[in-house]
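This briefing goes through a protein model by topic.

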Amino acid sequence: MPRLLPFFLLLLTLFACQKEDDADEPKSYSDKIVLQDLVLAGDSIKLTWSKLEDATLKEYRVVRREETNGPESILNRFYPPSGSSLATKFTDDAVPYVPTLEYQVVGVLTSGQMVNSNIVTHKRPEIKIINAVPFDVQFDSQRRVLYFFENDGKISQYDLAKSQVTKSIKTDATIGYCDFATYNGTPELYVPRNDGWIFIYNAETLDKIDQFNVGSPATCVVANHDLLFVAANNSSWPYRPVQVYSRASKTLVSQSTYYTSGNPRLKRIPNTDTELLSIGSSNQQYYSFSPKGDLLNQSQGYYSNYPLDANILELFPSSRKYLSSSSGVIYSISQGYEASLPKGNLAYTSFLIDAAERYIYAGTSTKSVEVYTNNNYVQTRSIKTKAYPYRLFQDGSNGLLCISSTTPSASIYYYNTPSKFVIEQLR
């Protein structure tokens, strides 16, 4: 008997191994496909399904939905190699950063008939989606409230502490770039409209306070020292691309006369009160006004082969230059093109320069924020993000605030429209 013990132990080992191998093999059915429970592996999801024992099986399709009963995308197709059966395993290495994912496997027969597997759902309730299609996002760092501005006139407040949209309004117009200021102790939001009106809202409650008309479609407002600088889309004489209004009387103080193509966007040059930069579709304008709002100087900007993009625009805090476009071009306000970030094949979506101008943070279309030194534009590190960066803000001791879209928000030509946003805190 002792001599037989090793033999029995060997048999038991072989039997256990055979059972284990059988457990790894997917089961087979002639009339259905069973998708097993998903297996999480880091940022990937592994799928395994049963074999469909049907001689007319042509292919398997692996399908994913990014919301319950949402539109589906085909992740992969498996066709039978000559003399071999179809694969029954797949790993999703590009899992989108959304709260709900649905997976399904579809068997396609040569007749065109489809055999659908069961749907397996993966939920991540910790991910909060902001449903918006904004052209701009701004941040009130004191209250830690984000403002989402959409072309159709919708304005939404998102409270970071509550992780939710706390209020939304519809302005019933196409709106442009907005600005904030405090007037008579009340925080105000100034909203330019394509019908020529400027609406003034309480910035905290979004209740409308006042309104006035500028006579042509307004694309941007900059508020400073009780003056409102309005960019208008004027395509005929007399050109009035920038108009200055008194906040108190809502009357015209002065206006510029240079023609600007496209829909100009204004930004106040940091460390100045009444110097403005205007970016149109292909040019730069510089404006200087007196403290009372009278026009002192206006000059045409520098034309070059380097791109400008009013949608991707960030001014340096103190050195009178700015970053623009998905190509990461750096311009001097007075001298034109200065340099370009070493982007390789990257397409930039947003920029942030720290207050001390030590580093440039650049969001990209490949789910990352690239960090460059400001003195020589050398890349120092790359911060991976869960989704596609759209806007970057400094959030005090909380680090970097990245407003990211779950859908690509930019290509090298910036044609894509971002939607479905998440908030990422980066260090």
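In this predicted model, the charged end of Lys-32 lies over the ring of Tyr-29, at 4.6 Å from the ring centre. A second case involves Lys-321, whose charged end sits over the ring of Phe-316, 4.8 Å from its centre.

**Aromatic pairs**

- The structure has 17 aromatic pairs. One of them joins Tyr-348 and Phe-351, with 5.5 Å from centre to centre.
- The planes of Tyr-348 and Phe-351 make an angle of 50°.
- Tyr-348 is buried, as is Phe-351.
- One aromatic cluster is made up of Trp-49, Tyr-60, Phe-78 and Phe-90.

**Four-stranded sheet**

- Strands β11, β12, β13 and β14 form an open sheet in the order β11-β12-β13-β14, with antiparallel pairing.
- At the edges are β11, residues 134–140, and β14, residues 164–170; each pairs on one side only.
- From one strand to the next, the twist averages 20°.
- β12 (residues 145–150) and β13 (residues 154–159) run antiparallel and are joined by five bridges.
- Phe-149 has Ile-155 in β13 as its bridge partner.

**Three-stranded sheet**

- A sheet of three strands, also open, has the order β35-β36-β37 and antiparallel pairing.
- The edge strands β35 (388–394) and β37 (421–426) each have a single partner strand, so one side of each lacks a neighbour in the sheet.
- With direction ignored, neighbouring strands of this sheet are turned by 25° against each other on average.
- Six bridges link β36 (residues 400–405) to β37 in the antiparallel sense.
- Ile-403 stands opposite Ile-423, which belongs to β37.

**Confidence**

- The average pLDDT of the protein is 86, and 87% of the residues score at least 70.
- Residues 4–23 have a pLDDT below 50, and this stretch makes zero contacts in the model beyond near neighbours in sequence.
- Residues 410–415 also stay under 50 in pLDDT, but the model gives them 15 contacts beyond four places in sequence.
- Where pLDDT is low, the predicted coordinates should not be read in detail.

Note on methods. Residues are numbered from 1 along each chain as its sequence is written. This is a predicted model: local features need pLDDT of at least 70, side-chain atom pairs count only at pLDDT 80 or more; totals for chains, interfaces and linings use all residues. Side-chain values use heavy atoms; hydrogens and water are left out. pLDDT is the predictor's confidence in each residue, from 0 to 100. Contact means heavy atoms within 4.5 Å. Two strands pair if DSSP finds at least two bridges between them. Helices (H or I, at least four residues) and strands (E, at least two) are DSSP runs, numbered from the N terminus. Axes are lines fitted to C-alpha atoms, for helices over the stretch in contact, and angles run from 0 to 180 degrees between N-to-C directions. Rings of Phe, Tyr and Trp (its six-membered ring) pair if their centres lie within 6.5 Å; planes under 30 degrees apart count as stacked, over 60 as edge-to-face and the rest as tilted. Buried means under 20% relative accessible area, exposed over 50%, partly exposed in between (1.4 Å probe, protein chains only). A charge sits over a ring if NZ of Lys or CZ of Arg is within 6 Å of the ring centre and within 35 degrees of the ring normal.
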